[in-house]
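Open the model in your viewer and keep the selection panel at hand.

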Amino acid sequence: MSLLEVKDIDVHYGDFLALRDVSLNVEPGTIVSLIGANGAGKSTIMNTICGLNKPSKGEIIFDGQNISGKKPHQIAKAGLSMAPEGSHCFESMTVQDNLLMGAYMAKGPERMERLEGVYKLFPILKEKAKQQSTYLSGGQRQMLAIGRGIMTQPKILLCDEISLGLAPVVINDIYDKLKEIAATGLTMLIVEQNVTRSLQASDYAYVVLEGKIVMEGKSSELNEDEVNDAYFGINSFA
Amino acid sequence: ACGSSSSSSSTNEGGSSSSSGDTITVGVVYPQTGALAAFGAGTEEMYGYAVDEINEAGGIEVDGTTKKIQLVYADSESDPTKASEAANNLIKSKNVDIMLTAKTADTTVPVAAACERAGVLCLSVDTPDEAWATSDYQYSYHAGFNTENELNSFKDAWDAAGISGGKVGVMHATDTEGQTMINAISEFCEANGYEAVDPGAYNSGDTDYTSIINSLKAEGCDAVVGVMLTSDFGTFYSQLKSSGYMPKVTTVAKATLFKEDVDAAGADGLADGLCSEVWWTTSHPYVSSITGETCEELGAKWMELTGDEYAPATCGYDYANVEILYNVLKNAGSLNLDKLTAACDELSVDTVIGKVDFNEQHYSVQPLVTGQWIYNDDGSWTQEIIANTQVPDCPTTAELKVTK
Amino acid sequence: MAQCIITGILLGGLYSMIGIGMSLVFGIMKLTNLAHGDLMILGTYITLVITRALGCNLIISTIISVIVMCILGFVIQQFLVNKVMDKGEAPALLVTFGLSIFLSNLMLKIFSADNQAINNSLSVKNVVSTENVSISASYLTSFIIAVVIIVGLTLVMQKTNFGRSIRATSDDPMAAELMGVNTKTAFAAAMVICMGITAVAGTLVGSTFTFYPSSGTQYLIIAFGVVVIGGMGSLFGTLIGGIVLGVAQLLGGFVFGSGVQMLIAYIVLLVIQALRPNGLFATSAMRK
Amino acid sequence: MSAVLTVKDLGISFGSNHVLKSINFELNENEVLGVIGPNGAGKTVMLNILTGILKPTKGTISFQGKEISHEGVTERCRGGIGRTFQVPRPFEQMTVFENIMVGGVFGAGMSEAEAKQKALEVADVIKLDDKLDLFAGKLGLLDRKRLEIGRALATEPKILLLDEVGGGLTESEVGLIINLVKEIKSQGVSVIWIEHIIRTMLEGTDRVMLLADGVDVITGAPLDVMNSSEVKKVYMGGGDDE
Amino acid sequence: MKKSKLIVLIVILVVLFAVIPAAGSPNLLNILTLMCLYLAMSQMWNLLGGYAGMLSLGMQAFIGIGGYTLTILSVRYGMNIFLSIIIGAVICALFGLAVSPAIFKMSGVYFAIGTWIVAEALNVFFSNWKFVDYAKDWSINTVFGMNGKQLYITALIMAVLATFVVFFLLRTKIGLALMAIRDSASAAETMGVEIYKTKLKCYVIACFMMGLIGGAQYMQTAYINPSTGFSINWTIAMTFAVIIGGLGTMEGPIVGSILYVIITQIMYNYPGMSNIVLGIIAIVVIMIAPQGIMGTLYAKTGFQILSPRRSIPKRETAKE
Ligand SMILES: Nc1ncnc2c1ncn2[C@@H]1O[C@H](COP(=O)(O)OP(=O)(O)OP(=O)(O)O)[C@@H](O)[C@H]1O
Ligand SMILES: Nc1ncnc2c1ncn2[C@@H]1O[C@H](COP(=O)(O)OP(=O)(O)OP(=O)(O)O)[C@@H](O)[C@H]1O
Ligand SMILES: CC(C)C[C@H](N)C(=O)O
Ligand SMILES: [Mg+2]
Ligand SMILES: [Mg+2]
C-alpha cells in the first residue's frame, strides 16, 4: 500500500487553477521526485500535501488517513514533514534551537540523539550551533532546513528545491546522505531542478507541466531527453 | 461626500430652535464624560431645575415678548479642544442666544474663546478667577473665587494647626492654577508671617514625587499647600506618607471637592485630616434670587434629583450660574448683545454663592470657607467646616484636627 | 541622590512590569498594541471591583483579574488580532487603536471618571526609613515581582519546548506549522500570558498610583519607553529599560527639578534610541 | 585589457569569525568573472562589501582607478556598480516598469522621461517587455531574477554583480540567463557572477575564481579552474560527475 | 486626456467649495471647516505613514508648535496672524530638521514611538518654559475677529495645499523613491536611492505643512495649552481618518476625514458614545476592509483618481 496517495486534486489560487487532476503515489521506503519548469506547480503540490494549501477537489491519503483539509500542524503530527522552498529559518533563534524545533513533537533525550545525527550529516551546523540563524549563508540555511526536516523523524520527508544554492560538494553529500537515510526506511518526496540528478537520486519520478502530471515512471526507466521534452511542453521560451 | 455632509447639517438645523420663537436658547457646555465627568455629575438636573423655576414663573420678558428658556447641552469630553468644538457646534447648529459653561478652566476658557469669536454672551462659574482670566474678554463673564480668598482660607487652617510662622511647602503643577498660586504665595506668606518653600513644579500626570518630597522633608515644612488634580494628589499623598514624613496640616485646592476624590486618594482613610477650600455648603446663609430658596433647600433638591447622599459645592454653583443668567436677562430685557453685556457690567445681585458683581476683568470674586475631611470609623467621610472667616454666617462644625 | 537612584531602580521595576506585556506581544506577534495601556487599566479596574465587591484579599482578586484578563486575551487574539495579523502593520495597528479608544471610553461609561486607588496598605508603608533613604513597600514589591516574572519567563522562553515553539511561531508561522506547532494556539497562549502579566501590572499600578479610565495612554507611553529602550521583544531588555527610565526620571527630577523629570527621561530615551536604534537588547535582527 | 575593479587584501570579520581573510583580484574591462566557493565561503559577503553594504575590516577596493572604500551604497551605485540579491528583493507593490525606472532615475541619474525609455529598452533585454504593468510581487522566480538584473542594468552600471541569479532555475532557464549575461557583456559591462551551477561557469564566464577559507584560492580560465584539484577538493567533492 | 479630465474635476470641486460660504449655513460652514482641517492633517500624515513608510504617532508636535507660534507671536507681539502661522510652519520645518538625526535612526514602530516621545517631551518642555508662561491656558484673542467664512477659506486653502503638495511630490522623483523604499529599503539603496535624504525631504515638508495646518487649526480653536496643543488626540484623528479611508492612497485621507467629521458631528447627540463608536468603526472597517475604504475599493476595482503610478509610454517602434 502507498504511504502517500494524492488523488485527483485541484488547487486554486483565487481564480487561478494551479493544479488540475494531480494524482501521485509514494511507496514506503522510496524516494520520489517531482520535475518541472518554474511555475509548473511543484511547490503547490508539496504545499498542498502539507496542508498549506487546500485542494478544491480530490483527496490526499497519508498512512491510511485522509489528510486533505487538515491543518499543517496536524499533518506534521501524523508524521509528514517538509523542508519548504526558501528554507524559512526561525531567524531570531540559534541554529540549535532551530533544529530542536524540528523535534518539537519528540521527547527530551531522543531530541539530543537526533540532533547529533543531523550534526553528523552537516558538521557546519554544529560549528554554528549557538549562532543566530539570520547570519547563515544561503547554503547553510538550506542545510538547516533539511536538517530540521530530518529532526522531525517523519514517516515521509518532503524537500522542496532541495539543492537550491548549494555547492556541488554539499549536494553530492546530501544525496549520499539521503540515500543512507532512505535505507533506514525514510520515505521522501523531493523537488529537484536538475533532471539528471533528480533521476539518479530517486526511485520514481513525476513530471509536472502547467499544473498537470504529464509523465511518470521509474527513474531508471525514464529517458532523460523525453523527460526534458515533457517538462518544457510546447517550448515557449527563447 | 458633499451631499452627505449637507444632509447631516440640515438635520441639525431642523432640530434646532430658532431664537425668533418664544424661547431663549441657552447652550451649556460641560464635561459629561472624561476625566472631569465627576464635576459634571448633577449638572443637567440642577440647571434644569433652576430653569424650570424661571419658566414656571412665566419666563422672562425680552425685547417685548415673554420667553421661556430652553437649555441645550453639549459635552466637552473633558478636553479643551473638544470643548471649543462643542461650543462652536452649539453656536452654529443650535443658534444659542447665550452660553453657559462651568467646571474647571479646561472647559470654561475654550468655551469663552469660542463665544468671544462668535459674539455670544458667555457666563461661567467653577473656575478660579485668575485661571479664567486668560484674556481681555468682551462677551464673557465669570463668577468664582480668587487666589487671595483661596490662600486666606488655607491660612485659617494653618493658624488653627498652631504653626504660625512655620514653613509652608507649595505643591504646584505647571498649569495656570499652579503658576498663579506659586506667583502669589511668597508675598502672601510674608504678609502673614509664614515662609513659603518652593520644591519645584511638577507636571500633571507625573508618577513619582520623590524629589519634591525630599525637598519638603529637608526643609521640614510644617504645612503643605497646593492646587492639584485628584489623581496627582492621590499619588503624591501616598508617596508622602510612605516617605515617613507628614506635615501637620495639608491644604490642597481642587483635588478633594468630592467625597469620591478623598476616597480615591488612598487606602484606609489616607487623606484623613486633609483640608481644602469649600466653595459652598448647604449651610451657607444665602438665598436664591429667583425664588428665595435657602441653600439647605437647594441641597435637599439636589439629593432628591440626583439620588446623592450629600450636596457638593457644584450644587450651589450650578444653580448660581442660572441665577446669574436670569438676572442678566431680566436687567437687559433684551437679547441684544450690547444690552446683555451692559447688564453684566452693571450686575450686582445676591445669589446662593454670595454677591455677584463683575469687575473690570469681567469676573466676580466669591468667598470661601475652610473644610477638613474626616475619615469615620465606618469608612465614610465627613467634611467639617473648620474656619469661616470669609462667610461668618456659615457655621463652623469642628475644630481642626492635626495630622500625624 | 542615593534616594533617587534607589527609588528610580525600584520604580523601574514597576515600569518594566508595565512594559513586559507589550514587549512580548510585539516580540511574538509583531503587533504594536496601542491598547496595552487601556487593557492594563482594565485589569486594574477588575481587581478593584472584585476587591470592593467581594471584599476579598488583594491577592485573590488579582488572581481573578489575571484569569479574566487571560480569557479576554484569548478572545482578543481569536476574534480580532488573528483576523488582521497577516494583513500588514497598519491594519493590526488600527485594530488595537480602535480597541484602545473603545476600551477607555467603555470603562468611562462603566466605572465613571472618578479617580480610584486600589486600597492596599503597601502603598503607604515603607520597608526602610532612615534620615536619608526610605524605600516604599509597593515599589519594592513591584520590583521583586517584575524580576521574578522576567527571569521565569525568560527561562520558559529559552529553555522549554513550549517557549521555543512560541519563538518559532513568531519567526515564521508557516515553518512552525510544518514542525507540528499549532500556531493559532501558540499565538493565543502568548497573548494569554501577556494579558495575565498585564493584569498583574495593572494591580501594581492601581495600588501604587491613582488611576482613572483614561489613564491608559499615560502608561502606554511608559510601556513604549521601556520597550524601545530595552529593545522590542527582549525580556531582559524590558527590565533594563524600566530601570533606565526610572532612574533617568528620578535623577532628572533631582538635578533639574521635578517639573522636567519626564523631559529628562524622554531625552535619555531619545538619545539611547539614536545610538541604538533597536534598543539596548534587540533580539531579532533587521529583516528585508 | 585594463582592470575596472581592483581588490587588494580585502578582509572582514564578524566577531571571531574571520569570513574573508585576504581577497585579491582584478576584474578586467568587458569580462565576466565567475566566483565559486563552498557555502558560507563569503561570496555574498564579498558582494556586500563591494557594494558598500558591509564595511571591510581591511583592504582596498579601486574602481576605475579610484579608491572607493569610503563611499556609501548609493554613491557606488551611481558610480557604476550594480548588483542583484541572492534572494530577489523586488519592489513588490510597484509595477515591473516602475521597478526598472527606479534604477534609471536614481542609479543613472536620469529624468523620469529618460528613465521610462531606458526601462523599455531594458525590458526588451531581460524579456519582461510583456509584463511591464504587472506588480512585481506577482512575478514568478525566473521573472523576479530577470527583474533583479533589469533593475541593476537600468542603473547603467560599468560592472554588474550577480549573486546566484541562476539558483533555482531549470536548466533551460539557466541557458536563458547565460545568454542574457552574454548580451549584457556585449554592451560593455563587466560582470562578477556568483553561481553554484557549473554550467554557468563553463559557458558564461571568461575567468573563474574559487573562494574558500577566506582567500581567493585560484583564479583562471573556467575549464582550468573547474578541473583543478583545489576546486575538486573544496567544491566539487572528490571529483564527481558534471 | 485623462489629466485634463482630472484638472476639470479639481477645478469644479474647488469652485464648488469656494462658493459654499455664500450659500451654506454657518453650521455647514463650520463642519466643512473641520473637514478641511482634518483632511489637510491626514493628507500629511498619509504622506509620511502611507507613502514614506514613516508611521508617526507624533504629528501633534507640529500642531502644537504651529498653534503656539500663532499664539505667542500674535497675542504677545501683535504680529499679523497669517504671518505668524507661516513663521510657525518654518519653525516646525526647522524643528523637524533638528530632531531628524535622532529619530531617523529609528524605523518602523520605533519611529512611531520615537516621534510620540518627541511630542510628549515638547509637552513637558512647554509646560516648564517660562517664555510661554508654563502650562498656562491661552485664549488666542487675536483670532476672535475672524468670522466663519474666513476660517473656512483658510481651512480650504490648507486642504487644497496639502493635497496638492502630496499630489505633486509623488509625481517627482521623491514619489518614485518613496515607493521603492517602502517595498525594500536595501534594494532601493543599491539602486542609488538616497533613503535618508528622501525621507528627510518628505519629513521636513510634512513638518512645515503640519505647522501651517496647526496654526490654521488654532485660528479655529482659539485656545491653547501644552497638553492640548501636543495632545496625541490630533494624531489619533489623523490616523483614524487615513486608515479608515485607505493608507497610501490619495483619496483615503479625503474620504476618511469627511467620515470622521460626520461621525463626530452625529455623535454630538450621544455624549460619551462618540469614541466608543469610533473605536468600533475602526475595528469593523479594518476587519472588513483591511486596506481601508479606498484601498479596498482600489484592490477590488482598480478605481483610483489620483494615482501616482507611472504610465508606460507607447513604444515608438512596433514590436514583432
Ligand atoms: N500564493 C500564490 N498565489 C497565486 N498564484 C500562485 C501562488 N503561489 C504560486 N502561484 C502560481 O502557481 C503556479 C505554480 O507555482 P509553484 O510555486 O507551485 O511552481 P513551482 O513548480 O514550484 O515553481 P518553482 O520552480 O519556481 O518553485 C505558478 O504559476 C505561480 O505563479
Ligand atoms: N552579519 C553577519 N554576522 C555574522 N556572520 C555573518 C554575517 N553575514 C555573513 N556571516 C557569515 O559569513 C559567512 C559567509 O556568508 P556568505 O553569505 O557570504 O556565504 P556565501 O559564500 O554567499 O554562501 P552561499 O553560497 O551559501 O550563499 C557565513 O558563515 C555566515 O554565517
Ligand atoms: C519570544 C521572545 C519575545 C522572547 C525573547 N526573545 C527573550 O528575550 O527571551
Ligand atoms: Mg517551487
Ligand atoms: Mg551567498
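Select chain C and chain A together. Between them they bury about 2200 Å², with 62% of it on carbon and sulfur atoms. Buried area is the accessible area (1.4 Å probe) that two parts lose on being put together, summed over both. Now pick C:Arg164, C:Leu178 and C:Met179. In chain C these lose the most area to chain A, together 32% of what that side buries.

A word on the model before going on: it is predicted, so local features need pLDDT of at least 70 and side-chain atom pairs count only at pLDDT 80 or more, while totals for chains, interfaces and linings use all residues. Residues are numbered from 1 along each chain as its sequence is written, chains are lettered from A and ligands numbered from 1 in the order in which they are written, and side-chain values use heavy atoms, with hydrogens and water left out.

Next, show the contacts, meaning heavy atoms within 4.5 Å. On the chain C side, 21 residues touch 28 residues of chain A.

Which side chain does C:Arg164 meet in a salt bridge? Select A:Asp97: the two pair up at 3.7 Å, N to O. A salt bridge here is a side-chain nitrogen of Lys or Arg within 4 Å of a carboxyl oxygen of Asp or Glu. The rule finds two salt bridges across this interface.

Helix 6 of chain C gives the most, with six residues.

Now move to ligand 2. Select what is near it, with a heavy atom within 4 Å. Why is the site shared between chains? Because residues from chains A and D surround the ligand.

Zoom in on the oxygen atoms of ligand 2. One is 2.8 Å from an N or O atom in the side chain of A:Lys128. A polar side-chain atom of D:Asn39 also lies 2.8 Å from a ligand oxygen. For D:Glu164, the distance from a polar side-chain atom to a ligand oxygen is 3.4 Å.

Key: Helices (H or I, at least four residues) and strands (E, at least two) are DSSP runs, numbered from the N terminus. A polar contact is a pair of N or O atoms within 3.5 Å; within protein, one must be able to donate a hydrogen and the other to accept it, and residues adjacent in sequence count only if both atoms are side-chain atoms.
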